[in-house]
Amino acid sequence: MALTQVQWHKVNEAATTLKEGGVVICPTEGVYGISAAVSRLAAIERIIALKHRAANKGLIVVSSSVAQLESVVNFAALSADSMRLIHNKWPGHNTFIVPARAQVPALLTGGRSTLAARVTDFELLATLCAQVGEPIVSTSANISGSAPLETIAQLQATFAHSVDYILDEPCMGRNKPSTIYDAVSGAILRA
């Protein structure tokens with residue numbers, strides 16, 4: 001399904017905001033997410049503060065392709081079997097705990113040597129990542145410990161004065177979180 005002209009306009013506006021170091025709320029596969037470009041540490045710090053989230057929790061990174069993740073993921077540390085599993089599951093509603101590159105900031109990893117990453121199969125989100133030109137952080141649009149906000153009205157009431165843009169399009173419609181895999185062992189950590 002191709003994006004409409006209106007959706008393209010909104011995605012371009014969101015992408016420009018992210019590239020300029022802004023914070024955006026955008027639809028994901030299942031819930032709305034708060035996003036920043038992975039290279040924009042001040043924006044990532046804003047997200048952590050907005051959500052009242054512990055910095056040691058780390059954040060999920062979403063991209064449009066495996067190649068786009070190469071700036072943050074050390075794919076060379078993975079076995080051929082691990083890479084086959086990744087290529088079999090991506091793009092898709094699957095998050096992998098993968099080895100992070102050494103220069104990836106602790107804000108993304110939570111101080112670990114790994115990173116949570118997903119190549120999305122949601123066209124609107126994939127297009128946004130492609131337009132930004134790098135992976136983006138995506139964490140549920142809520143205050144930590146609260147349920148994710150489900151409507152544009154709730155998002156605007158809670159975050160309109162705290163974020164730089166709200167991409168007001170519907171989520172993909174999945175009603176459960178992504179499956180999480182350990183990329184090294186192949187084990188499913190959350191079904």
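Predicted model: local features only at pLDDT ≥ 70, side-chain atom pairs only at ≥ 80, totals over all residues.
Residues are numbered from 1 along each chain as its sequence is written, and side-chain values use heavy atoms, with hydrogens and water left out.

**The sheet**

- Nine strands make an open, mixed sheet, and their order is β7-β1-β2-β6-β3-β5-β4-β8-β9. Helices (H or I, at least four residues) and strands (E, at least two) are DSSP runs, numbered from the N terminus, and two strands pair if DSSP finds at least two bridges between them.
- β7 (165-166) and β9 (188-190) sit at the edges with a single partner strand each, so one side of each has no neighbour in the sheet.
- β2 (residues 32-37) and β6 (residues 136-140) run antiparallel, joined by five bridges. Here Ala 36 stands opposite Val 137 in β6.
- Helix α2 (residues 41-51) packs on the sheet and touches β2 and β6, with its direction at about 150° to that of β2. Contact means heavy atoms within 4.5 Å; axes are lines fitted to C-alpha atoms, for helices over the stretch in contact, and angles run from 0 to 180 degrees between N-to-C directions.

**Strand β4 and its partners**

- Five of the six residues of β4 are buried, so the rest of the structure largely encloses this strand.
- On one pairing, β4 runs parallel to β8 over four bridges, and Phe 96 stands opposite Tyr 181 in β8.
- β4 also pairs with β5 (residues 114-119), antiparallel this time and through four bridges. Ile 97 stands opposite Ala 116 in β5.

**Helix α4**

- Helix α4 (residues 80-89) packs on the sheet too, touching β4 (94-99) and β8 (179-182), and its direction makes about 150° with that of β4.
- Ser 82, Met 83 and Ile 86 are the buried residues to look for in α4. They cover an arc of only 95° around the axis, so they are on the same side of α4; the arc is that of the directions from the helix axis to the C-beta atoms.
- What covers the buried residues of α4 includes α3 (66-69) and β4.

**Aromatic rings**

- There are two aromatic pairs in the structure. Rings of Phe, Tyr and Trp (its six-membered ring) pair if their centres lie within 6.5 Å; planes under 30 degrees apart are stacked, over 60 edge-to-face and the rest tilted.
- Trp 90 and Phe 96 are edge-to-face, at 5.2 Å centre to centre with 80° between the planes.
- Phe 96 and Tyr 181 are stacked, at 4.9 Å centre to centre with 15° between the planes. Phe 96 lies in β4 and Tyr 181 in β8, so this pair ties together parts that are 85 residues apart in sequence.
- Together, Trp 90, Phe 96 and Tyr 181 form one aromatic cluster. Trp 90 is buried at 6% relative accessibility, Phe 96 at 0% and Tyr 181 at 7%.

**Cysteines**

- The whole structure has zero disulfides, a disulfide being a pair of cysteine sulfur atoms within 2.5 Å.
- For Cys 26, the nearest cysteine sulfur is that of Cys 129, 7.7 Å away.
- Cys 26 is buried at 0% relative accessibility, and Cys 129 is buried at 0% as well.

Terms used: Buried < 20%, exposed > 50% of the residue type's maximum accessible area, 1.4 Å probe, protein only.
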